[in-house]
Amino acid sequence: MSARERIAGNVANYVDERTGAAAWMKKNLQKVFPDHWSFMLGEIALYSFVILLLSGTFLTFWFDPSMREVVYEGSYEPLKGLEMSAAYASALDISFEVRGGLLMRQIHHWSALIFMAAIVVHLLRVFFTGAFRKPREFNWILGIGLLTLGIVEGFLGYSLPDDLLSGTGIRIAEAILQAIPLVGSYLSYFLFGGVFPGEAFIPRIYTIHILLLPGIFLALITVHLMLVWYQKHTQYPGPGRTEKNVVGYPLMPIYMAKAGGFFFIVFGVTALLGAVASINPIWLYGPYTPGQISAGSQPDWYMGWLDGLVRMAPPIEPVIFGYTLSLNILIPGLIIPGILFTGMALYPFIEQWITGDKREHHLLDRPRNAPNRTALGAMALTFMMIALINGGNDIIATNFDLSINQIMWFSRIGIIVLPPIAFVVTKRLCLSLQRADRELVLHGRETGRLVMMPSGEFVEVHEPISPEKAWLLTQHEQSAPLELEENDARGVRRPGLLKSKLRKRFAVAHAEQVAKPTVADLKEIEHH
Amino acid sequence: MSNEIETIKDPGVPAHKLRQTDIDPKAADRAERQVAILFLLSALSTVLFIYSYFFISTETFIFIPLMGDQNAHQLFLGLGLAFSLLFIGLGAVHWAKTLMPDTEVIAQRHEFRSPDSDRDDFVKTAKEGAAAAGLGRRSLIKRSLGLAVGLVGVSPIFLLRDLGPTPGEELKTTSWKAGSRLVTDPGDRPIRPEDLEVGSVAQTLPEMAPGKDHRSLNDIAKDAVLLIRLRPEEFNLDAERLSWTYQGIIAFSKICSHMGCAVALYEQGTKHLLCPCHQSTFDVTRAAKVIFGPAARPLPQLAITVDDEGYLVAQAPFNEPVGPSFWGRSK
Amino acid sequence: MKRLSRHRRHRAVAPLLLIFALLGIGTTFQVAGAATTSPMTAEERTAAIAEGKEIFLRGCSSCHGLNAEGGSIAPSLIGVGAASVDFQVATGRMPMADMSQQAMRKDPVYNDEEVAALAAYVASLAPGPEIPSEDMLNYERDGETAEGGELFRTNCAMCHNFAGQGGALTQGKYAPSVMGVEPVHIYEAMITGPQSMPVFSDKTLTPKEKLSIIKWIKAAEKEPQLGGVALGRVGPVTEGLLVWTLGLGLLIGIAVWLAAKAK
């Protein structure tokens, strides 16, 4: 036994005698993880979270979360002698007086943008492959929770420096709060410690941003990961992969190296962005004052869709019995997002209600094999994209020589008309792809080689596909839509008929498929 | 369905394919060298990082193709950090891909559902425990427990009461009073009508009370006023609103009636005000009537006139609350 | 004193007094009027007006009318002043290439001499804002950068964006970028209020404040990119775009490589 082995053995012994760690370590070091690049999207988010914690902690050593007014005496000439909040001045100091300060500020902000983007692509992957189905419904809800909290955390984070752009965003957020019926102005006064902007807001959101929300994140992410660990990761269908197994590589050493390496890669790419691309140049925005505004004021991208919805809202603000109901703010700012996110969170249960499928699923769906779900996802994405684009309508107008009024009208009409079109187009696309798969299985791959038959006929040579590919294209389940009897066994009409009729309608639509080829179909082809 | 129709069979996990590095020891050595080079590059990058931190002045700028002039300290510090991290990752991944065993392993999933005996035991234990606690029989305990826990859960909310005052009438008032002079923002200079040419715009605030030399942002957030001069015949106003103007000069609250951004963008040609936040557009000739966008109310108009020294002053406070709407706005 | 009054009836007194008076008045006018008059002699002025009228009739009257009275497609130029003409023509906005919403900055059609002639002609029609002299444009001496920044953000950023990159107005109009514009043209734009831009009167935005704004703009123009490539200085939109293209693109690309089997 080498010296190294002896030391390692002593350490292991020390720990095991106190915790019994050897048993669960042994089991977990061998844990198998399926390998696919699309399973790494959640990792990008996880590692970005760690980067945010590290870079954020650095920033807290210099940031002063106070709205107390100071005169700027730092090295950035165009702001010298101006009055500003201590928060803004300290952010300037981090950028210009602390070596590595601007780099860390930029890494922190780029990391936040990547964090949110990774969550979204991870969400899309999970949705389109049906990974949210039993037993993972709760993990899906946790994910939606993380997405929502991430949006809030990011907004609070870039509002901390109290610059003109983020201050405008806070003004708008305050207006949404104030518009809430009955209690709006009270909520606003409690949050801001009085009238806007006041002096309490930055210190309060600082606490929320560095303590409360990160704590909640840590807890939710831990549960999210523990569930993945315990329930084992899903896997793509393929030869040898079943609902009852996991095919992949063991944690030690492969996954430790790959996942650990990927952490450094994510950190490295984020730092690269922080080194070469400027982000949030607060010294150009100037300190916040309610009397100033810049053309082209937008929130960060993950809130762009909210801004877009608010911009395209019709000016509906009825006054009922003397009370003002700002529907033009409440609908795009609170009600629609509320419906969207609640719908997203409940989707696993909605789909289960439609299909009546209560079984566990560990094999992922190829999106084309779940055409209704895929089309629904495309519809939701189209909605969000139009809202997002409208959020940048003035930047688009200036750069592409368009009119903001035209873009606004396009968005107002488009957001109602385009999503259903996207649904229909996507569903038909999926069904076409299913048809193509069927063709591939039955007739093989087109090789592009032409052969002349003795009869003079030209025929393209088709190569039969491999058994692995044939399996991949036909392994999916195709169930009939849920059967719901109108009358029960004694001929009495069931209660809740409308609900179940709706359910049946959805079920039939959901189950629309192109029948996958069977062995009998193959045999039939062989006779040709 | 599937017992009548025979579906295509699962051919099983495909046979393991050996990599170059598995077959050829020279390839394996090459891979090891590549991994080592990547790790060494990381180490060199860390050296660059440390060097940049201490030895590159923060005032140096260098020209980089495609990027233009860049701050050398910032750039090399960042590149040093980025590559020191990136190369470790790339090295580790390359090592895993080429040299670590890549035979696929199959593990079995276990059913989550506990065996029936465990479930029955759980139910039995839970029921016995509940019975022992006596909750089922002793409804007095149950109800009083509910009351106690419910109340104590609510008590922290009261601790938050002093987060802020109640709005009272504050949202409905500004610093503008009858006789308040309009002064330039910034500069605090009073304004005469002849100071403004037709087509001009001025950012104004109410003059500060004597003895004060400093305005708080809270005041600016409600008091900011935009002064615009048109030709009097260009107005399309009723008699009352016309009386709030002075020789073609009209004043509006600068705080958008939609969500509170500063509406300072005046298009001289069309006589429209545009709020850059959500593109609400207001027609100055018609008392800032909303002609496009999500704002539902026109900007409040400030009635102005001149005082005996010839300076522009407010005739009276605003006739309605300025800024974004709230529930009790019209009360 | 007694000597002067003894000679008060001397023959030379009248001519001498006349010379002193002429010199005095002329110098006063020269000094007082130095800020506003262009350094042209009276002859040069008349020649310029004539040349300007000729150029005007050839290149401008088809839209602005034979007497610059304006029409349905172009406004009257009576009273717009030399400053307006210098701004519009020297930046190439006029003559307008197409009849769109907005005159765009482009290569000027007329050279400096022709622009000066046009300006002189239009100024001769009625009094209006004059072209600021060199001394009036010494922003290095008379302006303050930090004050200029505050003024820019209060008066200009809502149209031209916080970094002077330009911004959208309604119906396809836009406020152009103020970068790379001659200080004289920036000044002229502020005092003449071209097209959608309002006028910034000298009493509400003093000449010194205008020079501070120009000084700040010039400093912003020269300011090197701090922290990396500036991505257009238009805010979070381009930052988000970079994340979704380069950021995620790189990361997903590396993930694909990571999960692929080695050969």
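Tutor: Here is a walk through the two domains of chain A, and then through a pair of helices in that chain. This is a predicted model, in which local features need pLDDT of at least 70 and side-chain atom pairs count only at pLDDT 80 or more, while totals for chains, interfaces and linings use all residues. Residues are numbered from 1 along each chain as its sequence is written, and chains are lettered from A and ligands numbered from 1 in the order in which they are written.

Let us begin with the domains. The domain assignment of chain A gives domain 1 as 31-283 + 299-365, and domain 2 as 366-484 + 494-528. Such bounds come from an automatic or database domain assignment. Between the C-alpha centres of domain 1 and domain 2 of chain A there are 31 Å.

Now look at where they touch. Domain 1 of chain A brings 20 residues to the contact, and domain 2 of chain A brings 29 residues. Two residues are in contact if their C-beta atoms, placed from the backbone, lie within 7 Å. On the domain 1 side, the elements that give two or more residues are α5 (101-128), α12 (304-312) and α13 (327-355) of chain A. Helices here are DSSP runs of H or I with at least four residues, strands are runs of E with at least two, and both are numbered from the N terminus. Of these elements, α12(A) gives the most to that side, with 7 residues. By class, the domain 1 side has 9 nonpolar, 7 polar and 4 charged residues. Ala, Val, Leu, Ile, Met, Phe, Trp, Tyr, Cys and Pro count as nonpolar, Asp, Glu, Lys and Arg as charged, and the others, Gly among them, as polar.

Next comes the helix pair. The axes of α14 (residues 371-391) and α16 (residues 404-443) of chain A come within 8 Å and cross at roughly 160°. Axes are lines fitted to C-alpha atoms, for helices over the stretch in contact, and angles run from 0 to 180 degrees between N-to-C directions. α14(A) and α16(A) are therefore roughly antiparallel to each other, a label for angles over 145 degrees. Their contact divides into 19 nonpolar, 7 polar and 1 charged residues.

Technical notes: Angles under 35 degrees count as roughly parallel, over 145 as roughly antiparallel, 65 to 115 as roughly perpendicular and the rest as oblique.
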